[in-house]
Amino acid sequence: MPKIPQQVISLGILFLIAIGGFVIARKFFIPHSFGLYGHYRADAVEEIKKQEIVYAGAKACYDCHDDIYDLKAQSYHKDVACEVCHGPAASHVENPDGVLPPIPNDRKGCAICHDYSPPRPTGFPQIIEARHNPGKVCKSCHNPHNPTLPHTPESCSACHREIYMKKSISSHASLECATCHTVPEGHLTSPRANEVGKPQKREFCGQCHAEDAQVSKDILRIDLKTHGERSLCWECHYPHDPETNT
Amino acid sequence: MKKENKKHLGRRQFLKKCAKAVCTGLLLSFVEFKNVWAKQVGNGDKSAERKYAMGIDIHKCIGCGRCADACKKENKVPREPHYFRTWIERYIVPIKGEPVVDSPNGGIDGFPELKGDKGILKMFFVPKLCNHCAHPPCVQVCPVGATFTSRDGVVLVDPKYCVGCRYCIQACPYGARYMHPEKHVADKCTFCYHRITKGLLPACVEVCPTKARIFGEVDNPTSPIRRFARLHTITVLKPSLNTEPMVLYAGAEGMVR
Amino acid sequence: MEPTIIQQAMMGFQSFSGYIYPNEYELQWSLLIVLYPYLTGLVAGAFILASLERVFRVTVILPVYRLSLLTALAFLIVAPMPLFAHLGHPERALEMLWTPHLQSAMAMFGFVYAWYLLVVLLLEIWFDFRKDIVMYSKNSRGLKKYFYLLLTLGSTDISEEALRFDNKMCKFITVMGIPSAFLLHGYVGFIFGSIKANPWWSSVLMPIVFLFSAIVSGIALMILIYMVTTLFRWKKIDMGCLNKLAEFLFYTMIVDFSLELLDFIHRLYESEESIHILSQLITNRLFVSLIVTQIFLGSIVPILGLIVGRFGKLPDELRRIVYFLSAVLVQVGIFSIRWNVVIGGQLFSKSLRGLTVYKVQLLGLEGLLMTVFLLILPLFILYGIVKILPPWTDSELEVHK
């Protein structure tokens, strides 16, 4: 029988101690809920669930402020949750008299969404805060819970701000919107149902820009027959800023 | 010379032992490999159901930054400008050339006005957050199991177990993770797990004034996310990485990444 | 107050360009993580060099065999320290052993490290030095005697049969040790190479490039350590050994350089989505550390130096100087490889639209001083180990000649 070398015995003992120690330590150090559902501490899920809620959610507001809620639900602001303007209110729900959410009384809050910004989607109501009735608090004309305009807008720019801004610095600045667009009666109150009319033909632009047009000589003229061949004018020239080639 | 002989004998034994060791190793690794394979290719992992999803409609986002602000308040994210669970990017696409992107303070304070927009083709906003991937690279690389996919498919971080090695931050293709400056652990969006498990909406969805963010349960036929996915052409971010995000974008162009 | 002012001032100097995700302003892995692959590379390289003697019987490098083993040990002891110092919660580090996540490359660190330290390196050193240890314990007195007796682990048998067994085991462990050394450093490469989110890292060649650069750095280190130690011991350098080391260094450098070139050409040719930001990265942020330091000073110059030194007709003194300078340049080059991988991979945004900035701190746990300390520490440890277990083979040398 071959003799087991002395080295193997001493090393074997050492390794057994080390491995044994590791196995025991592992038993001791692995958290008890580890691996229950997967390679993680199952208790962590419960702990994360226990995180404090800061925003109560609009349904909680409805329980007491149903009148305002119902009014808002019919308005343009139906998708704007109460806590967007009034701030997180979970503490108010818990202690209705002790913690009162702020009632914004300035122009800043409204401007966050409604100040003019070019990347905003077309049709989203925007104003230029600095020019729109400066000094007046928004609330004095618009009810935030039902922001339908107190009176029909006087100018197209109230809604079509982006176009208005472009046009105002273009060579078409002096033209009224109605010069080119026909505006049906109902457009001011329900715009989507009553869309405005747009020019259809080259000849429309030709009223000013054709060589034989009966207008001021300062206006740029082209030969309507040859210029741009069969293309429609607005395929090359953006009418609200006609020098831009897009 | 005597030594030489012994050496040769020894070598044969070593080779035998080596072969044995290699075989066992291969067998063991094959078992593990099968698991990994199943998980990565994505047909064997039934443990995590993908219950929740978020939809983001680029055409509706007005870049007001209320979502990023509410997220910081709800989840006590440090207010400093370099820690975000969600943020908004502004894409400025010129007529020619690469789009320019910015996100000052995550969009919370609005976006600076642009001087002279002559060469601009279009602009839009893109809200970003953790994509709660079905194959999360962050979970894959976490050495201790401190970040994981919960049984309802939400990718979470266990702040009491994270060692703070930051490997997950490196592995996230979306920049959705950060090192919490006080807790010294990785932190990220939880889909507001404490809210959604109680029937509330995530804070960012709650406060979005234009419904640019939609949230719901995928399996529920009346859930808004189902309607969202049905009515829009859906894309996800960086699809080539095969992470299978659960944040679905409508109207996001290929340039968004 | 003070830190915020300094921070603000630093923010002013830093020039971020393009767009980076807001969470990316803070660089995640600092100088310490540069150090980690550098140190493990030296370990793997030194060990592989030692195994050349054992397994492939390159007896001419016998003078550095034992020294390489002890060097590998000294550097391996320090290797995890930068990782440890970098953790957000160092007290939780052992979780990697209790609950290792098998899908994570990093989780394997504890096991690869333990395997390499305990099963490969310490065992090989123990078997190789056992006869010496037993002799020391027999010939010394007092505490020293018991210290060496403890090191024998109770096996004091130095009969010829026992020594033959030692020798056999030594060789067996070395055979196992080569794949282990490949594993140790290949796996460090895998940590980076497997991150698909990062196009600078994500490459199947990464583990192999890491491995060969590790061997390069290990051999260069042994050239330096061998030359310095013989100098301080007033011994003559064995030029046969040194020439062989230089030759190996040259060959591995050629392989390493070709692999890196292949990686570069492959990226350029495939020209994926990330190519624009990566080319900006190279030309703006990494020009000095990649083009100048890594490629020119760290690869081309030492390769030329080694060609002239090894194959040119030079007097031995000049040859030694050329080898020494080449080895120093190689170390600088390899360190900049690690820098370019670890820091370079974090200098661009994963949005692929912008570049960030890394400022090295001087003080603090992740600062420059700490790095320098961790770079010097293994040399002191090596000094200590050499005092306990002198690896010198000068007497054997004379037998050879």
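Visitor: Which residues of chain A does UniProt list as "transmembrane region"?

Guide: The UniProt record, an unreviewed entry, lists residues 6-25 of chain A. Its feature names are shortened, its positions follow the numbering used here, and annotations may be inferred rather than shown by experiment. This is a predicted model: local features need pLDDT of at least 70, side-chain atom pairs count only at pLDDT 80 or more, and totals for chains, interfaces and linings use all residues. Residues are numbered from 1 along each chain as its sequence is written, while chains are lettered from A and ligands numbered from 1 in the order in which they are written.

Visitor: What is residues 6-25 of chain A, helix or strand?

Guide: The span is 100% helix and 0% strand. Helices are DSSP runs of H or I with at least four residues, strands are E runs of at least two, and both are numbered from the N terminus. The end C-alpha atoms of the span are 29 Å apart.

Visitor: Where does UniProt place this feature in chain C?

Guide: An unreviewed entry places it at several spans of chain C, including 105-127 and 286-309. Residues 105-127 are 87% helix and 0% strand, with end C-alpha atoms 31 Å apart. Residues 286-309 are 96% helix and 0% strand, and their ends lie 30 Å apart.

Visitor: Why is H2(C) called roughly antiparallel to H8(C)?

Guide: Look at the angle. Helix H2 (residues 31-56) and helix H8 (residues 160-193) of chain C pack at about 155°, with axes 9 Å apart. Axes are lines fitted to C-alpha atoms over the stretch in contact, and angles run from 0 to 180 degrees between N-to-C directions. Angles under 35 degrees count as roughly parallel, over 145 as roughly antiparallel, 65 to 115 as roughly perpendicular and the rest as oblique. Therefore H2(C) is roughly antiparallel to H8(C).

Visitor: Which hand is the crossing of H2(C) and H8(C), left or right?

Guide: The crossing is left-handed. That term applies if the near helix is turned anticlockwise from the far one by less than a right angle; clockwise gives right-handed. The residues in the contact include C:Phe47 and C:Ile48 of H2(C), and C:Ile178 and C:Leu184 of H8(C). The contact divides into twelve nonpolar, six polar and two charged residues. Ala, Val, Leu, Ile, Met, Phe, Trp, Tyr, Cys and Pro count as nonpolar, Asp, Glu, Lys and Arg as charged, and the others, Gly among them, as polar.

Visitor: Which residues is C:Leu352 in contact with?

Guide: Leaving aside neighbours within four places in sequence, they are B:Arg257, C:Glu273, C:Ser274 and C:Ile277. Contact needs C-beta atoms within 7 Å. C:Leu352 is in the loop between helix H13 (316-342) and strand E2 (353-355) of chain C.

Visitor: Why is helix H2 of chain B called largely enclosed?

Guide: Nine of the ten residues of H2(B), residues 66-75, are buried, so the rest of the structure largely encloses this helix. Among the buried ones are B:Arg66, B:Cys67 and B:Asn75. The buried residues of H2(B) pack against partners including helix H5 (82-86) of chain A and strand E4 (120-129) of chain B. Just after H2(B), B:Lys76 takes a positive phi of about 50°.

Visitor: How many residues does each chain give to the contact of chain B with chain A?

Guide: Chain B gives 38 residues and chain A gives 29. H2(B) gives the most on the side of chain B, with four residues. That side has 16 nonpolar, ten polar and twelve charged residues.

Visitor: What is the fold content of chain B?

Guide: Chain B has seven helices and eleven strands. Of its 257 residues, 47% count as buried.

Key. Buried ≥ 20, exposed ≤ 12 C-beta atoms within 10 Å, placed from the backbone. Contact = placed C-beta atoms within 7 Å.
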